[in-house]
There are 2 protein chains.
Amino acid sequence: MKSKSSTLRLLYGASDANADMLYLSGVSVPDPFLAIVTDKQTYGVVSQLEYGRVARQSRFDEVMLLEDIRKHAAKTLQLDLRDIGPGELMVYFAQRFAVKKIKVPADFPAVFYAKLYEAGYNLGIIEGAFFPQRARKSDAEARAIRRGNAASAAGIRAAEAVLRAARIDGKRLIYEGRVLTSERLRTIIDQACLARGATAASTIVAGGRQACDPHEVGHGPLRPNELIIVDVFPRMHKTGYHGDMTRTFLKGRASAAQRKLVATVRAAQCAALDAVKAGVKGSTVHAAADKVFSDGGYRTERRGNGFVGFIHSTGHGLGLEVHESPRVSKGAGKLKAGNVVTIEPGLYYPDIGGCRIEDVVRVTKGGSEALSSMHYRWEIR
Amino acid sequence: MKSKSSTLRLLYGASDANADMLYLSGVSVPDPFLAIVTDKQTYGVVSQLEYGRVARQSRFDEVMLLEDIRKHAAKTLQLDLRDIGPGELMVYFAQRFAVKKIKVPADFPAVFYAKLYEAGYNLGIIEGAFFPQRARKSDAEARAIRRGNAASAAGIRAAEAVLRAARIDGKRLIYEGRVLTSERLRTIIDQACLARGATAASTIVAGGRQACDPHEVGHGPLRPNELIIVDVFPRMHKTGYHGDMTRTFLKGRASAAQRKLVATVRAAQCAALDAVKAGVKGSTVHAAADKVFSDGGYRTERRGNGFVGFIHSTGHGLGLEVHESPRVSKGAGKLKAGNVVTIEPGLYYPDIGGCRIEDVVRVTKGGSEALSSMHYRWEIR
């Protein structure tokens, strides 16, 4: 480690919470730590609590013991050991590798950025992807995402089975003798995901008007004859990759307006899916969905305190994060082969209900490859 | 909103991932957004996707619509609308409130820090708690944490029941006809948490040598006559507060060394619990546990690639984050009434096994109040 490096890329975070850290290290670490990328090698600096496990399981070329490095840093920087925090370690490594230029991600903690700035280093903030290769998924990553979607589908199928078994009692649904609520159905979905080795968080089970707030997770009794959005995006325990699928159901009898709404959303999804191809802009894919909506007479506009219509983008990248690069929205750039994106148009009108249908594809040279799979039947009598 | 403010405190993040944002807003938002704290009021700036829900459910004094604010900012800063990102919005608000001094948290994204710095603002980074009151829990917060621990205990009791029902078959445990693994037991624990309205992540079920890496979650078959650490820290869906409890079990027959180890860890926990009181230093509480270990002849030291003994701190604050202020460790400062901390000493020796026992208390003037509850029986024949 006497070697010099022209630049140093620094990351600081817990790999359980920071996807770049997980991508680089390949190991789950619950507390923040320092990672260093030189021209030649990658290094992780972890405490004795993590050392053995990270040394065995991580992808780092070298794992360094925090307690040792802090002592070296105190000596080199001529500081008291108590004054050596992560920022001082960063300065120490910059000296040790004799670099002048340091690159950090956009979400790098300001406190360490300021420390390095004060120490006189030439600092570059990488505003886009810190590891651009993260957006081009390998076959192994695509498999991991496919498993995530199998967990999503297991959750959605569990919800469907409950709705099928439920009985309509006036304005309520009764399942196994008790009123069926968003909360109960969410628990059943999340348990089905767990049985597939995945943890779901913030699973959406929202009916009626609630579904018209796309990030409302849903609460209270579910009602017959209302559209119910079920959006499940669990994280696989083994790999950290996510699934992300949505289906919209209705228990009872749909109105003509509801049927037209759902059919139009599915048509918009098909149009967007058909537009996906390496070299095509994300904005073009979004426009394909948007056109189906405007052709169908569905307007997006402000009404009172909220918005109605197609009020979100068509999709987003999916991987170690639920939302990651690339975007599939207005202004989005070209899709590349290997990108994994969701395609999830939706329409939201409080007087009709909300509908969103979401699947996941990997972009290929000729089009796309489906990484999620489940039927689209939605009316449950 | 023509009023001036002497300072502006800025936060940027998703309230689902950033505890300060959740504390300030009181509403779950999955994507990053901007929050502003002036001398008098708090503001949230969210997109049309979130606007209605956040306006209804959040604690912000005022919720502003991102799409509108971006237009205002473009006009004021004389920039193209496409060039208005969160950093530009921050500059816009600094102008609008006519502030010169801006305070941001230590983990504020470097990219926006740099933007504000270039714009000439006097920037202060708050290195400690951004909302110091977060460390002093109200009765409502204590109740939420107690519910989190009830979910933890439900998970641990589910694990205990499985171990009790399991049958020893040579070096394996058989449960419901199949080999019992860490993964299976984790699923059962996490499902029990879900049934209590909480999502557990990274639940630890680690036996034998695996348990000697305190952050190893555990994998593969569990074995008889080995110590099995079960550490469960779920997050309540409704409130975002966590539970965090650990028990150590053994299925079969414990050795004399294992019995002494577990008894010493429990004695250390009691000693630490007895030391907790407002005004007492966290380091004093840690020292109380440490003394029981050294008196018992248990040494902490490096062995080969790892470390053995008492290789972590006695505890940490618990709330919206699993690890938060204050610390209960070497060098930690005075505990205050209202602090909620875990007390979780442990010993780890690969030839004997690992043991950790963890409970949660709220610090009071006279001592502490237990926020977790479960028995300490651990040998399961």
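Hi everyone! Over all chains, this structure holds 24 aromatic pairs; rings of Phe, Tyr and Trp (its six-membered ring) pair if their centres lie within 6.5 Å. It is a predicted model, where local features need pLDDT of at least 70, side-chain atom pairs count only at pLDDT 80 or more, and totals for chains, interfaces and linings use all residues. Residues are numbered from 1 along each chain as its sequence is written, chains are lettered from A and ligands numbered from 1 in the order in which they are written, and side-chain values use heavy atoms, leaving out hydrogens and water.

How is a pair of aromatic rings described? By the distance of the centres and the angle of the planes.

Take Tyr43(B) and Phe97(B): their ring centres are 5.4 Å apart and their planes at 50°, so this pair is tilted (under 30 degrees is stacked, over 60 edge-to-face, the rest tilted). Tyr43(B) lies in strand 3 (residues 42–46), while Phe97(B), 54 residues apart, is in the loop between helix 4 (86–96) and strand 5 (101–105). Helices (H or I, at least four residues) and strands (E, at least two) are DSSP runs, numbered from the N terminus.

Are these two buried or exposed? Tyr43(B), at 2% relative accessibility, is buried, and Phe97(B), at 1%, is buried too (buried means under 20% relative accessible area, exposed over 50%, partly exposed in between, with a 1.4 Å probe and protein chains only).

Now Phe293(B) and Phe310(B): with centres 4.9 Å apart and planes at 65°, the pair is edge-to-face. Both Phe293(B) and Phe310(B) are buried.

Over in chain A, ring pairs join Tyr43(A), Tyr92(A), Phe93(A) and Phe97(A) into a cluster.
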